[in-house]
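Please look over the sequence and the model before reading on.

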Amino acid sequence: MRPRAVPYLLALPAWLWLGVFFVLPLCGMLSVSLMTGDLLSGFTQTFHLGTYAEAVQRYRVQLLRSLLYGGSATLVCLVIGYPVAYWIAFHAGRSRGGYLLLLLLPFFVSFVLRTVAWQFVLADDGVVLGTLKDAGLLPEGARVLNSAPAVVFGLAYAFLPFMVLPIYAVLDRMDRRLVEAARDLYAGRAAAFLRVVLPYSLPGVSAGVLMTFVPASSDYVNAAVLGGPGTTMIGNVIQTQFLVNNAYPTAAALTFTLMAVLLLGILGYALAAGTERMAGGRG
Amino acid sequence: MATTTDPAAGARTAGTASDGDGPAIELEGVAKTYRAGRSTVTAVRHLDLAVAPGEYFAVVGPSGCGKTTTLRMIGGFEEPTAGTVRLAGRDVTGVPPDRRDVNTVFQSYALFPHMSVADNVAFGLRRRRVPAAEVRRRVGDMLDLVELTGVASRRPGRLSGGQQQRVALARALVNRPGALLLDEPLGALDPLLRQAMRAELKRLQREVGATFVHVTHDQGEALAMADRLAVMAGGRVRQTGAPAEVYERPADRFVAGFVGAANLLTGTVRTSAGGDGYAAVDLDGGQRVRAATAAGPGARIDLTVRPEKIRIAAAGTEGPDGGANLLRGTVRDAVYQGPATHYTVLVAGAGAAEPVELVVHRQNSAAAGPALRVGAEVRLTWPPEHSHVLGPA
């Protein structure tokens, strides 16, 4: 066997996996999105592009809401996650592994179960709100569930490690002498952070933003469990169209639209942040 | 801040304004202990050191001797657990690095990878709010000085090791610090480049006229570059002096062995120094040599002879020794080094139990005789003024 072929052969399982479980379903989905018909009389391929226009028109609000919630959750993750990553990387010393484990510990529990647990915690008469109401600190009608903030914070909670880990990875391998060099060159603590640590960690921030924003925007569990009728996200619509209304072309068209929007967003973000940073490279 | 157009003139005046004649750097009774779990580790114990303005000062010692900790205490990255650090007469103990008039060239340079070379060099000036036009001019001048003008807009990661080294130098020197601290500045370079950078560093120091403190584990580097050097071991300074002084007259056995090959001999003074200043010393193996010492009869002394001071010749080629010390031995090893051959000679009757090994360097000059083979009987001679008596180690 020619040694040159070995790397390709080793990559073969991955290619097969990607082909069978990603590319094929994607093509199938694309085909479905262009069909017309209904469940009783069957679907036929008519290359009907109108489904896209109709679906986007009808669920424009949910689509925009998804991007808004996803973006807000990403922002919350960044604000909470950066200090966490910074602290673990710079100040946790030898217990860094322990703190990372703590951060990931909730992930040993099913995603849905965790969200349902939040539903229980934040219920109108649950442990938090009920207690606060009994203590007279909150008015009787106060509620958290079924509101946009509940969904956003649910998303932020669910995807926080996706923000923390890439930032941590960059900060952890940063040469501490860079900070000393900044201090040596007359930068105070704040200036050393703003001029050296923060710019240095931007590749990690970029990766974290992407890894949080993409799944958060297309999530449907949080909106379903923690939200209400007013917080439906595009993921919920797709789920309903597929599983409840059996409107397969509409669901498929919405799926592709979401993908296209996210890809365009990533592309724009990549151009703004610089491709070098996206790749985590540093010349 | 000086606004002269000549960077060298600026460096000479900057930061040393408070008093011109005192030391640029002064450590007084400085100690540093680290807590490591339940035990404490002493990196530096009671250190006194003074570096004169404009001096090229080297701190040399084996790894773990406390030399880097000492440098970091001058830079402000570590606070001493005892003692005082003064820069240009001002007590800076407890003052953070950004408020000290010294700059550091870090081991492996610590260049900011996300900034261009020019932005790296401009960093300190910008933090000090120097006007943009002046920043541009001084960065340009400095890049000229280290011959890096062509790569000003590149990222440091794209430069060779030698170029990165010069960026690190430029980034520190552009601020015209009262003193420049260099932590193993040549350690990351390959040997050929290291030789070239020694000359380059000396040239820079002459041109800028700043005080340099250079920390290294390489005694050859310290001897070659420093105006004065301090040899450290075990958290203490063992000897301070000019390179020739430290090499020719090492203070103790450690310094003798660390700065060049030691050729250590131990013996007892037999008769105290006569009119010529030399005492007769009975070596532990029975042979007798002469050395300058004030010690009286019966005193135990250590003495060393540097390898290039000893003359080696085949036994039988007896010549006039003119009162020189004479030992006889057998060549055990000969290593040809190009300009010189390094012989290891086994000398019977020089050590108490076993024969002593002496290292002898013989220049392969036109006048040198035929090479001596391993196993050859040889005679070693050296004038008594080169028997250097050591203090207690």
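Which residues lie nearest the centre of the largest pocket? They are A:Tyr86, A:Phe90, A:His91, A:Val179 and A:Arg189, out of 14 lining residues. The model is a predicted one, in which local features need pLDDT of at least 70 and side-chain atom pairs count only at pLDDT 80 or more, while totals for chains, interfaces and linings use all residues. Residues are numbered from 1 along each chain as its sequence is written, chains are lettered from A and ligands numbered from 1 in the order in which they are written, and side-chain values use heavy atoms, with hydrogens and water left out.

**Pocket**

- The largest pocket has a volume of about 420 Å³, a volume being the space filled by probe spheres set on grid points that are joined across faces, edges and corners.
- Helix 3 (60-91), helix 8 (177-184) and helix 9 (189-217) of chain A are the elements that each give two or more residues to its lining.
- Helix 9 of chain A gives the most, with 4 residues.
- A pocket is an open set of points on a 1 Å grid over the protein atoms alone, where a 1.4 Å probe fits, with protein on both sides within 12 Å along at least five of seven lines; lining residues have an atom within 4 Å of a point.

**Chain A**

- Chain A has 13 helices and 2 strands (DSSP runs numbered from the N terminus: H or I of at least four residues for helices, E of at least two for strands).
- Its C-alpha atoms fill a box of roughly 75 × 75 × 35 Å along the principal axes.
- Of the 283 residues of chain A, 38% are buried (under 20% relative accessible area, 1.4 Å probe, protein chains only).
- Chain A exposes about 15400 Å², and carbon and sulfur atoms supply 71% of that area (Shrake-Rupley method, 1.4 Å probe).
- The 18 positive and 12 negative side chains of chain A have centres 11 Å apart (Lys and Arg are positive, Asp and Glu negative; His and the chain ends are not counted).

**Chain B**

- Chain B has 9 helices and 20 strands.
- The C-alpha trace of chain B spans about 75 × 45 × 45 Å along its principal axes.
- Buried residues make up 50% of the 393 residues in chain B.
- Chain B exposes about 16800 Å², of which carbon and sulfur atoms supply 51%.
- The mean positions of the 46 positive and 40 negative charges of chain B lie 5 Å apart.

Terms used:
Charge placed at Lys NZ, Arg CZ, Asp CG, Glu CD.
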